[in-house]
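This report describes the strand pairing and domain layout of the structure shown below.

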Amino acid sequence: MKTPGEDQNRRLLRARDAMDRDFAEPLDVPSLARVALMSPAHFSRQFRAAFGETPHRYLQRRRIERACAMLRDTQATVTEVALAVGFDSLGTFSRTFNTIIGRSPTRYRADAVPFNAPSCFVRSWTRPSSFG
Amino acid sequence: MFTGISIHTVFVLDQEEAIDFYVGKLGFEISSDVDLGFMRWLTVAPPNQPDRSILLEVPGPPSQSDETAAVIRDLLTKGALGSTILNTDDCRGDYKRLKDLGVEFTEEPTEQPYGIDCALRDPFGNHIRITQPGGTDA
């Protein structure tokens with residue numbers, strides 16, 4: 001049997017999985033809180049307590065990790081990558097990318113080599129760990 | 001010389017619920033279910049690979065202290081206790097079958113450099129990938 005805390009963990013994990021899966025969608029805290037069956041304010045607090053960062057920050061890291069994969073593995077333009085991973089504008093994407101990765105998307109692509117491993121491991125282990 | 005991997009542990013919170021999922025949905029078979037007195041030794045295996053089992057183990061005392069078991073349960077339900085990767089010859093077919101059974105998928109079938117795969121969670125938070133090596137949609 002799950003304790004209330006374990007049940008809450010499981011619901012928070014379901015919301016985090018939704019970010020991993022639907023990162024390109026216009027996700028916001030209220031919609032993610034619904035996945036976790038919580039109020040938005042409670043969800044934000046409990047997500048941070050469980051996973052050590054805000055939902056917004058997790059989503060930004062997920063989007064930039066996916067952008068890195070597209071820059072490494074596809075011929076899509078930087079603008080196409082930005083839109084594909086959920087950013088509304090190239091400017092916001094480029095600023096966020098630079099902040100997190102420390103290089104421009106174009107520079108990252110020039111330096112990158114492809115990874116041939118199961119995508120969940122690439123996703124988890126190439127996700128930028130900190131920024132800001 | 002080692003001859004292979006025979007059993008590894010997957011922590012679960014409830015063994016009956018684990019049987020419902022691993023046997024009832026994934027299609028594994030129970031390879032052993034023995035009351036040892038101090039624990040229920042419960043293993044499941046894929047039907048075509050009976051010598052490769054998963055021990056479905058509930059964390060708790062005396063194997064672990066209450067405090068350690070609580071940490072394991074916390075990590076388990078946060079999805080932080082690792083992965084199991086299953087091979088299949090029909091990733092998309094398995095996805096549809098399991099989806100229809102209500103299994104919680106985290107990734108839909110996707111073409112990868114190594115084949116087609118998708119990902120799901122068991123009821124407790126364990127991460128499971130289903131890979132069709134070399135598979136393509138072409």
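**Basis and domains**

Domain bounds are those of an automatic or database domain assignment. The model is predicted, and local features need pLDDT of at least 70, side-chain atom pairs count only at pLDDT 80 or more, while totals for chains, interfaces and linings use all residues. Residues are numbered from 1 along each chain as its sequence is written, and chains are lettered from A and ligands numbered from 1 in the order in which they are written.

Chain A comprises domain 1 (4-52) and domain 2 (63-126). Taken over C-alpha atoms, the centres of domain 1 of chain A and domain 2 of chain A are 24 Å apart.

Strands here are DSSP runs (E, at least two residues), numbered from the N terminus; two of them pair if DSSP finds at least two bridges between them. In chain B, an open sheet of four strands has the order 1-4-3-2, with mixed pairing. Its edges are strand 1 (7-11) and strand 2 (29-35) of chain B, each pairing on one side only. Ignoring direction, neighbouring strands of this sheet are turned by 25 degrees against each other on average; the axes are lines fitted to C-alpha atoms, and angles run from 0 to 180 degrees between N-to-C directions.

Strand 3 (residues 40-45) and strand 4 (residues 53-57) of chain B run antiparallel and are joined by two bridges. B:Thr43 has B:Leu55 in strand 4 of chain B as its bridge partner.

Another four strands of chain B form an open, mixed sheet in the order 5-8-7-6. Strand 5 (83-87) and strand 6 (104-112) of chain B are the edge strands.

Six bridges pair strand 6 of chain B with strand 7 (residues 115-121) of chain B in the antiparallel sense. Opposite B:Gln112 stands B:Gly115, in strand 7 of chain B.
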